[in-house]
Amino acid sequence: MTDRPDGGDGGALSALLHETRRFEPPADFAARANARPGIYEEAAADPEAWWARQAEHLTWDHHWDRVLDWEEPSARWFAGGRLNAAYNCVDRHVEAGHGGRVAFHWVGEPEGDIRTITYADLQAMVCRAANALVELGVEAGDRVMIYLPMIPEAVVAMLACARLGAPHSVVFGGFSAEALAARTLDADARVAITADGGYRRGATSALKPNLDEALERCPAVRSVLAVRRTGQEVAWKEGRDVWWHDVVDRQSDRHEAASFDAEHPLYLMYTSGTTAAPKGILHTTGGYLVHTATTHRLVFDIKPDEDVYWTAADIGWVTGHSYIVYGPLANGATSVLYEGTPDAGGRDRWWRIIEEYKVSILYTAPTTIRTLMKWGEDLPAAHDLTSLRLLGSVGEPINPEAWMWYRRHVGGDRCPIVDTWWQTETGGILIAPLPGITATKPGAAMAALPGVSVDVVDGDGNPVGNGEGGYLVVDRPWPGMLRGIWGDPERYRQTYWSRFPGRYFAGDGAKKDEDGDLWLLGRVDDVMNISGHRISTTEVEHALVSHPQVAEAAVVGASDPTTGQGIVAFVTVKGDAAQSDEEGAALVVALRETVASAIGPIAKPRQILLTPELPKTRSGKIMRRLLRDVAEHRELGDVTTLVDPTVVNMIDGKMQSAETAGED
């Protein structure tokens with residue numbers, strides 16, 4: 001059998017990919033869109049020349065000699081060019097007379113805790129922070145660990161590091177001391193920036209205590225710069241720990257930005273490995289900044305003088321790096337920066353923020369969209385969301401029902417939706433519709449962006465046809481691509497370039513529908529082998545969520561003595577659906593038939609567990625790894641990054657009770 005994520009023949013799952021709904025770009029949107037007809041053909045004719053034209057949107061201290069040097073898997077983009085990322089994100093806008101433009105409307109979790117930061121304000125803040133880091137001994141090439149909540153100082157710290165040529169490594173504030181220590185050691189960081197704590201759903205959470213614990217294993221860290229955010233008591237190590245307000249606030253607001261080679265390291269971002277240590281993904285300056293600025297300008301159709309843009313993500317993830325910090329700031333955009341969760345201060349908090357700040361572009365994850373769906377359409381309907389003109393999705397494949405709810409109840413059936421595919425490793429978006437040009441289908445990411453080349457191949461590396469699925473590969477270098485795994489070039493080669501020589505293997509599965517449009521299927525390790533049929537968890541989840549009573553679903557494969565693996569589904573329902581045991585049992589039967597109808601009888605879940613919540617990280621990701629532990633009756637793994645660690649224990653208990661009772 002051909003080794004493909006869809007089971008080999010490309011047809012077993014085709015019913016789910018047959019999407020007849022199609023939405024053309026609104027005429028008024030298309031008339032003013034940044035992306036113009038012919039852009040794909042222009043980029044395809046000479047990709048390097050096209051990317052060079054995009055690079056001219058930035059300010060370079062020295063022009064590049066060559067657009068690309070490529071010797072697999074090593075790339076040098078804009079070789080010989082020199083620039084400074086922080087200057088391009090801040091200073092040049094001030095010098096161009098835009099210092100009074102708002103860079104960030106910051107909204108803290110506590111009601112009324114807000115700050116408006118102009119580009120002139122941001123320039124002064126970044127210069128002071130850069131001078132403070134110099135006082136702490138930071139030099140170009142030193143790694144700086146950043147462990148902060150979603151506060152303006154997080155952006156300032158990143159840009160101050162970029163200004164000095166000191167690669168930053170931001171660690172998400174929900175990570176444990178152990179995870180933080182592993183990343184700090186691998187990066188060999190010498191300075192750490194943190195806060196006393198942050199806010200989560202009205203309560204304070206500790207950050208500096210976690211860092212203190214981590215640094216017991218990291219003696220090379222000589223300085224800790226701490227922001228006083230919550231005012232909680234923290235331990236203090238004299239000679240190492242200093243307060244931000246003591247050191248940064250007294251610095252000069254002038255600082256000369258240094259010039260760095262285009263390939264100078266900009267940051268490290270660690271991605272978790274399932275069987276090995278986290279990987280330090282290395283991104284450099286010139287190509288990354290060109291890629292993020294270009295994709296932000298084209299995919300989000302940004303109009304800096306008009307738009308208020310909101311990426312509802314955390315800076316601790318690559319989405320925050322590329323589309324909260326570097327992309328929007330390089331384009332001189334005005335953004336919302338929000339500290340809290342979607343329901344902090346009430347389940348209508350997001351809609352109030354959009355209404356108050358006249359947000360015109362919203363970019364968020366399908367998991368969050370499905371949570372908002374579960375809370376009901378009455379909440380967005382109660383607020384004026386007419387300022388919105390474009391919606392975006394990121395993080396995982398979006399099921400068609402969530403896509404349609406997003407369009408109808410958030411976008412008022414008038415906003416184009418850009419469903420984007422990319423990874424920490426890619427640096428920026430690679431696949432998405434271009435608003436104003438691309439007709440869209442609910443659930444489909446559509447096509448690669450101009451200047452990017454992707455394909456879907458079978459296990460032997462042969463391109464698949466329309467209506468078939470396989471492995472997603474990128475077959476030409478792109479500017480935002482990772483430059484390696486920190487300190488481990490062989491792991492870089494083996495992880496990304498060995499499966500299909502000459503092509504970057506993303507680790508994701510994809511399908512082409514009958515029109516050749518792309519549908520992403522998630523990680524190939526999320527493909528289940530059911531009696532020899534390889535079935536994607538993503539498509540089973542899509543089928544389950546298509547049922548009108550289902551709000552969200554997570555599917556995993558569990559060992560089965562008969563079929564090899566069995567499909568186990570965890571489902572949350574909308575509102576007051578399935579309140580009684582009888583209603584729940586009837587819904588389980590209906591859901592099995594829904595999956596059988598959408599995919600085929602082979603995909604019927606062996607077990608469906610109705611549960612009020614799913615285990616999620618603070619970034620909104622469903623922790624399927626923990627659900628696999630539950631399904632396999634294994635000891636539960638680390639739950640420290642979950643919003644509510646008790647959820648998975650509740651699910652485990654329900655699973656055991658259901659099996660004891662002989663239920664499905």
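Begin by selecting Ala85, Asn88, Cys89, Arg92 and His93 in helix H4, which meet Tyr326, Leu329 and Ala330 in helix H11, where contact means heavy atoms within 4.5 Å. The residues of this contact divide into five nonpolar, two polar and one charged, with Ala, Val, Leu, Ile, Met, Phe, Trp, Tyr, Cys and Pro counted as nonpolar, Asp, Glu, Lys and Arg as charged, and the others, Gly among them, as polar.

This is a predicted model, in which local features need pLDDT of at least 70 and side-chain atom pairs count only at pLDDT 80 or more, while totals for chains, interfaces and linings use all residues. Residues are numbered from 1 along each chain as its sequence is written, and side-chain values use heavy atoms, with hydrogens and water left out.

Next, show the whole of H4 (residues 85-98) and H11 (residues 318-330), which pack at an angle of about 50° with their axes 8 Å apart; axes are lines fitted to C-alpha atoms, for helices over the stretch in contact, and angles run from 0 to 180 degrees between N-to-C directions. Helices (H or I, at least four residues) and strands (E, at least two) are DSSP runs, numbered from the N terminus.

Now turn to the open sheet, where seven strands follow the order E5-E4-E17-E16-E18-E19-E20 with mixed pairing; two strands pair if DSSP finds at least two bridges between them. Its edge strands, E5 (114-118) and E20 (417-419), each pair on one side only.

Within the sheet, select E16 (residues 308-311) and E18 (residues 361-364), which run parallel and are joined by three bridges, and find tryptophan 310 opposite leucine 362 in E18.

Finally, return to H11, which lies across E4, E16, E17 (334-338) and E18 and runs at about 160° to E16.
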